[in-house]
Amino acid sequence: MKQTRLILVGGFLGAGKTTLLWETAVRLMNKGLRVGLITNDQAPELVDSELLKLSDLRVAEVSGSCFCCNFNGFTDAIKEIRAEASADVIIAEPVGSCTDLSATIMQPLKQYWNTELKISPLTVLADPNRLVSILNGGNGGLHPDAAYIYKKQLEESDIILLSKSDVLKREETAVLRQRLSDAFPGATVLSASAQTGEGMDKWIEAVMSRQDAGKRLLEIDYDTYAHGEAVLGWLNGTLQLHGVSDDWDDFLKTLMKGFAVKFDEAGCAVGHVKVIAENGKRFAVGNLTGKQDTLSLRGSAGAGEDLKLIINARVETTPELLDQMVREVLIGMIDGKYEEEVVAWRFLQPGRPNPTHRYERVPSYPQSDQ
């Protein structure tokens, strides 16, 4: 059986992983390659999975735990994509609050899957909005233990990809890349914008040609790591709305602003709030990765009487309070104007990470060049 290239792309919540995955998949498919994607979250009903499926990409989802705590679920997804899509390339996106991937994912893959997979270097995306504060010794607007996870993600990376470089001036990008190189000398530092395409081909060339995956292991305090995840409330919900014909782009914009104001007024730091609004085959996506000025919208759901709404929120508060705040904003938006059906609704606090495997050294397992 042929080998499949596996590209693992990590990075903290809101770093732009899904947008990068989509753009990467499109570029590889334009070269004639078959591409599959694997998404990951603590709960089902993912905006990321829905968005990628709407783009006619082959997607498998590992939900209910991170890749590292459900290694067998992750490898089952790899098998599924390889069998059903006959994939040349699989791109996998772990949970944004997950770290220690080299010890828990890369090393066991190198040991048990080296004949089936060509494993690319571990790429970690760094969002410039949080990165400057982190490099200056701050917490990027996060709880200190959540910021600890962000720092550890960078520390274990083989490639650090400065994402969203289109929001920076060229000289700012150069300065940040140099600072990253100085702070993490073991990693290759690149920059890219999935929006403009700048830097994408150079990064794709690196992950498609290199196999020096998981070169270092972390010293990590699992108590701090567990608390860094636990400070975030997680909510995934899916709603169907039906009512008078409405402009769903305006609806989404008002909804996202409502969430931003609600969380800012409550003093709750946002890890990531992502919403997709679907009107048949048309859709729009809203993203919030911090305070109100981080709000972004793309796509268009157009107008109509029916809307499917998927909400993923990761916010520094209790799950119960997060549920209350999200519902308050939704009630204010719906307000008797639409018939509402709750398709799925779950809010939770992540449990302590309990990896299936955790290696204490980096073994050497030769990979075939088939």
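Helices (H or I, at least four residues) and strands (E, at least two) are DSSP runs, numbered from the N terminus. The model shown is predicted, so local features need pLDDT of at least 70 and side-chain atom pairs count only at pLDDT 80 or more, while totals for chains, interfaces and linings use all residues. Residues are numbered from 1 along each chain as its sequence is written, and side-chain values use heavy atoms, with hydrogens and water left out.

Figure 1. Lys164 lies in the loop between β7 (159-162) and α7 (170-183). Its phi is near 55 degrees, a positive value in a residue other than glycine. Lys164 counts as partly exposed because its relative accessibility is 24%; buried means under 20% relative accessible area, exposed over 50%, and partly exposed in between (1.4 Å probe, protein chains only). Asp335 belongs to the loop between α11 and β14 (338-348). Although Asp335 is not a glycine, it has a positive phi of about 40 degrees. With a relative accessible area of 64%, Asp335 is exposed.

Figure 2. Leaving aside residues up to four places away in sequence, Ile38 touches several residues, including Ala60, Val62, Phe67, Phe74 and Ile90; contact means heavy atoms within 4.5 Å.

**Figure 3. Thr19 in helix α1 (residues 17-30).** The side chains of Thr19 and Arg298 are joined by a polar contact of 3.3 Å. A polar contact is a pair of N or O atoms within 3.5 Å; within protein, one must be able to donate a hydrogen and the other to accept it, and residues adjacent in sequence count only if both atoms are side-chain atoms. Not counting residues up to four places away in sequence, Thr19 touches Ala194, Gln195 and Arg298.

**Figure 4. Helix α9 (residues 222-230) and its cover.** Because 7 of its 9 residues are buried, α9 is largely enclosed by the rest of the structure. The buried residues are Tyr222, Thr224, Tyr225, Ala226, Gly228, Glu229 and Ala230. Their cover includes α4 (101-112), α6 (144-156) and β9 (233-247). At the N-terminal end, Asp221 caps α9, with a side-chain oxygen 2.9 Å from the backbone nitrogen of Asp223.

**Figure 5. The crossing of α6 and α9.** The two axes come within 7 Å and cross at roughly 110 degrees. Axes are lines fitted to C-alpha atoms, for helices over the stretch in contact, and angles run from 0 to 180 degrees between N-to-C directions. The angle makes α6 roughly perpendicular to α9; angles under 35 degrees count as roughly parallel, over 145 as roughly antiparallel, 65 to 115 as roughly perpendicular and the rest as oblique. Asp145, Ala146, Tyr148 and Ile149 of α6 make the contact with Thr224, Tyr225, His227, Gly228 and Glu229 of α9.

**Figure 6. The packing of α10 and α11.** Helix α10 (residues 248-266) packs against helix α11 (residues 319-334) at an angle of about 140 degrees, and their axes are 10 Å apart. The two helices are therefore oblique to each other. Among the residues in contact are Phe251, Leu255 and Phe259 of α10, and Leu322, Met325 and Val329 of α11.
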